[in-house]
Amino acid sequence: MVTEIQPLTNIPYPGMRPFRRDEAALFFGRERETSEILNRLLENRFVAVIGAEGSGKTSVINCGVIPALMKTPGTWKFMTLCPGKDPVGSLAGALVKLAEEKKTDAGPASTLADTLKKNPGSLSRIAESLLGGDEKLLLVADQFEQIFRFSRAGAGSTPEEESEAFVNLLLNSINSENGRIYLAVVISSEWISDCTKFPNFAEAVIINRSSIIIQGLLRENLGDAILRPLGLIGKKADEELTETLLREASALPEKLPVIQNTLRKILTNLRKNGDHSEALSVKDYEETGKFSGSVEKHAEEIFSGLDRNEKYLCEKIFRSLTVKGPRGEYRRKPCTFGHIIEVAGCSPEKLAEVVKKLSDDEANLIYYQGDLNNDLNTIIDIRYNVLPENWSRCRNWADEEDISVRTYKHLAALASLYHQGKTGLLKQPELRQFTDWAAREKPVLQWAVTHDPAFERAMVYLRASEKQFREEEEKREKTKKKKSKKRRIFGLGLGLGFIITLGILGIFIAGKYKAERALSEAEIMQDKSDSVSLVLLKDFLVADSIARNAKRLGEDALKQKETEFSLRMQAVAGAEKERILRKNTEAVADSFRSELAESRENELKALQQKQEEAAKRMLSTAKAMALRSVQMTGLRDLQTLLAYQAWLFNNRFGGSRNDPDIYMGLYKVAKDYGSINYKVFKGHDGAIRSVAFVPGKNQFFTSGEDGKILKWDTGSREQNLQVVYSGSGIAEVLSVSPDAGWLACGMDNSVIKMIPVKDPSAIQYELKGHTGKIKSLVFSYDGKTLYSAALDGKLLKWDLAARTCGEIGSGDVKITSIDISSGDSYLAGLADDGRALIWNASENRETMRIETPGRSIKSIRFRPGENILAVGYDNGLVEFWDVTARKKIDEIYAHESEIGNIRFNKILAQMATSSSDGSLKIWDMNDLKALPLEFRDNDDLVVAVEFSPDGQLVVTGTAGGGTNLLGRPTDAGLLAVNVCGLLSRNFTEDEWNNYVGRDIAYEKTCDEKEFSIKVKVLR
């Protein structure tokens, strides 16, 4: 039963809960709906009250229909119940309560429940036995959707047969003629489609039209609901507040809990402040946070009133009761009292105390059905979705819970791969992320198993990784101490050398003193020499004076010659001036001609620049449209138009062929509404192990942990698959020969099974040489040789004609994965210690090794047509090596953690990489700095990736058991094929103006002839 809450004095608004029966005098604005429900109920003895959450359905029943029934002829009894996790048990409990009101004994509720389950017609008999001569019973099944919600949320056990028994009991109770039981079912409109699980009930609701839809309150009815209760306590709102309340409430017609909570907070604040003024003002309304912020403010006030431990429990409660949906929406999710106790690690008494504080009439944030003191299966739920929608703290908690769940699932997936021998223990920084998460969240078994049952395996994997890291740290610390000791010894030697140096320096100073003494004696001899030099200098000055007089006479003669030369040069300058004047005139003309040409060139450049800017703007608009389309999920026409028009603009104005935003817009449309080039392959149960295409054909093989090998045809519109093998063994890896003749299957029992491609039922044979699971197979380019690697570390070379093998020497290194370059020039092997070895394939001679201290290589792949090897590391780095020149030529940080797969598209120059971070990326090999296509919608880690031979499709297999095999187009143009066939219309002018731009000329995105739905215009 729902918790009973006593009303607060002088507050005529219930807040965030429905009106109770004793509050009928406070309920206004639903007179028409009450009359319609009453008429339908009395006419059919059954009515379904349907409406959106928060539209007031329960309040109409409690304060409209029930008071109205009490005025009709006859005596009425009322029995209200919520199905909860045990609908038949709830029904039995309601009958026991009715019997107590009648002061009779109906027996224990458990016995009644057994009787009801065994006999679908027993409800009518038991209920009528509790009624007097002229009494009638109205049975109200409130929150009927709980039989779907609680089962879907995993909050309780509601088997389908028990739900069906509950529905049959209700319907049978009103089928008998002259019966005295009347049934009212209250259900949220979003769950109506689930009612089709019960055909009889759906017929009663839909076909017999025994239903009433509760819509949002109209403005005039809002006025009654908001203002008339104030008059009951002698209050009124001034004109400005009245207009503000009606205007803003009109935008929230189906969010009555928000409206009622805001009005309640206005009066609560006035009572706290001792304000007894007659009229309420806009100021009073704004202090509550208005309709837009009152829920947030109310919830924060309740939260701030809790002590530290209670706040911790409050967080645990709301993290358990709130879930973040796939589209980023926040929804309430029911949960049992016992589950929250296990997650929070507290006593039932302490948690019950906090639950009661959050559910009392002052808070109304949550509610519970059951007995907190005696029943750990008591269901707890948030009152309305408006709480997580409007309370930021609750949304932050939901985000943290979502991140925690994703982190745990990621850890569990890595632990599963480690268990299968497909990955190693965690390294930094990934290890630190998981250990920080474990320390912060302190996950418990009861919480974890609801997301992934392999909790112990995941935590053992984490502890093993921590242990390995500590051991490595201890080794590094020992090495550091040894180095420190060596440095101390070196320091002692250095000190001794310093003392010896001081001795040598003393000897040097003594020698220097002797040298300075000798220098002083030399300076005395120099002074004597300077005296002789002064006498010689006087004689030199006399000779210099005579020379200057002779030079002056020569300069006078030179000046006279210069004057004569100047006159001759003036005459020449006059002639030159005339020549320059003519030349300048010609230069001016040339300048005008040049400026004119430059002006024209500038105009052309300006026009070109303007066109380039316009193109950039259109490309920016296209990207914005594509991003907007991703947010329009559910609006099929608008979402598709935005994505397709964005692609048209991108092509028209020279955008990148595979711009990630443009691609993802079309990709979302393909996922939501279908596309001939987006393919979901359904055939395997559980994880995919390997994918291998048939050369030159639209066919590929897959193997999975279910033991099957399947053959698929991508060229068929309908799913076309053939079971090639189904047995007890699992094919760990597949490879098809270049001539498409043989499928090589590396099995988990160390055998290589050879199956004819054209007729898998024909004669097969096996190759035996390994003693461990086969992990890698690759054919030579002529198809005559097969190379294999397994967990036993052997690298074998098979002569397929003779069916014999020889081992390629690698010393003490164990090879677990291999690849071969174009033309069989080089063979690359990946060792179990994280190194890559390269051999000359024809000579079986090792030519180089790739290894980096502190990093481990996790994947290798040759680029088609080149001797370029891509290697992927455990830290997300991908390097490209020219194995002929034996040097690294490029690198990119492709992911945040370990690289699991590298594959190349032979046609479109693309590279696909997958990682333990859960993502798949497709890179443009012509521009590795460009953003890649990134896919994070995989149902689990991507463990197998292959491009189709025509380069148009990339097929991925995951470690999950859901949508585990996908085919995605490698080019956005393939996603644009037949997009118009998904549409029923073009953009409206208003949509074009809002989403494309008012200054961009309107155009039809598609020809109406291509639309999937033909619309005939009536004139």
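Asn269 is in contact (heavy atoms within 4.5 Å) with Glu287 and Thr288, leaving aside its neighbours within four places in sequence. Asn269 belongs to helix 11 (residues 256-273). Helices (H or I, at least four residues) and strands (E, at least two) are DSSP runs, numbered from the N terminus. Asn269 counts as buried because its relative accessibility is 15%; buried means under 20% relative accessible area, exposed over 50% and partly exposed in between (1.4 Å probe, protein chains only).

The model is predicted, with local features requiring pLDDT of at least 70 and side-chain atom pairs pLDDT 80 or more, whereas totals for chains, interfaces and linings use all residues. Residues are numbered from 1 along each chain as its sequence is written, and side-chain values use heavy atoms, without hydrogens and water.

Helix 3 (residues 87-101) packs against helix 7 (residues 160-172) at about 40°, with the axes 8 Å apart. Axes are lines fitted to C-alpha atoms, for helices over the stretch in contact, and angles run from 0 to 180 degrees between N-to-C directions. The two helices are therefore oblique to each other; angles under 35 degrees count as roughly parallel, over 145 as roughly antiparallel, 65 to 115 as roughly perpendicular and the rest as oblique. Helix 3 contributes Pro87, Val88 and Leu91, and helix 7 contributes Glu162, Phe166 and Leu169.

Four strands form an open sheet in the order 18-19-20-21, with antiparallel pairing (at least two DSSP bridges between two strands). Strand 18 (731-736) and strand 21 (765-768) are at the edges with a single partner strand each, so one side of each lacks a neighbour in the sheet. The twist averages 25° from one strand to the next. Strand 20 (residues 751-756) and strand 21 are joined by 4 bridges. Val751 lies opposite Lys768 of strand 21.
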